[in-house]
Amino acid sequence: MACNMSCPYSALIPLLLSHPIHGDNCLIQPDGSCIQSPPAYTYRDWSAIVYLNTPAEGGDFVITDSNMKVLKTAKPACGTVVGFSGDTLHGVKSLKKGHRFAIGLWYTHDILHAMDMEHLQRRLDYVVEAEDTANQA
């Protein structure tokens with residue numbers, strides 16, 4: 001789970017990212033290419049972000065090309081799911097106001113890295129507990 005708070009400097013630096021541009025299953029090279037090689041999580045074939053709230057302002061999810069030019073932007077909204085391939089270059093812009101709660105999910109075709117249902121349930125229980133704690137604050 002990702003939990004981000006607003007950044008007081010985001011108004012001064014519009015392109016400030018809370019999650020830098022990266023690929024989930026590859027390593028970005030100086031020429032902008034993304035190589036599937038350890039220590040990258042090369043088994044992450046597909047990725048998804050599930051938004052648990054709607055931030056007051058900012059926290060946009062961005063997809064870029066190899067020159068880091070933004071191609072697509074998704075505004076986070078509670079209940080929204082954004083899915084993409086593991087080698088898609090992406091990041092998250094800084095929040096200007098509020099909090100951002102999201103769950104990152106990764107899917108694989110590699111049976112050696114598949115997660116069993118018991119492990120998944122423990123992870124979801126942790127997320128619900130964290131959200132309850134944040135709402136009480």
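Analyst: Quick ground rule: strands here are DSSP runs of E, at least two residues long, numbered from the N terminus, and two strands pair if DSSP finds at least two bridges between them. This is a predicted model, where local features need pLDDT of at least 70 and side-chain atom pairs count only at pLDDT 80 or more, while totals for chains, interfaces and linings use all residues. Residues are numbered from 1 along each chain as its sequence is written, and side-chain values use heavy atoms, with hydrogens and water left out.

User: How do you know that E7 and E8 pair?

Analyst: Count the bridges: 4 of them join E7 (residues 61–64) to E8, and the rule asks for at least two, so they pair. Among the partners, Phe 61 goes with Ala 74, and Val 62 sits opposite Thr 73. The two strands form a hairpin with 5 residues between them, and Met 68 in that turn has a positive phi of about 70°.

User: What makes E2 and E8 edge strands?

Analyst: The open sheet runs E2-E10-E7-E8, with antiparallel pairing. Strands E2 (17–22) and E8 (70–74) each pair on one side only.

User: Why is the link of Cys 26 and Cys 34 called a disulfide?

Analyst: A disulfide is a pair of cysteine sulfur atoms within 2.5 Å. Cys 26 and Cys 34 have an S to S distance of 2.0 Å, so the pair qualifies. A search of the whole structure finds 1 disulfide.

User: Why is Cys 26 called buried, but Cys 34 partly exposed?

Analyst: Buried means under 20% relative accessible area, exposed over 50%, partly exposed in between (1.4 Å probe, protein chains only). Cys 26 has 5%, so it's buried; Cys 34 has 23%, so it's partly exposed.
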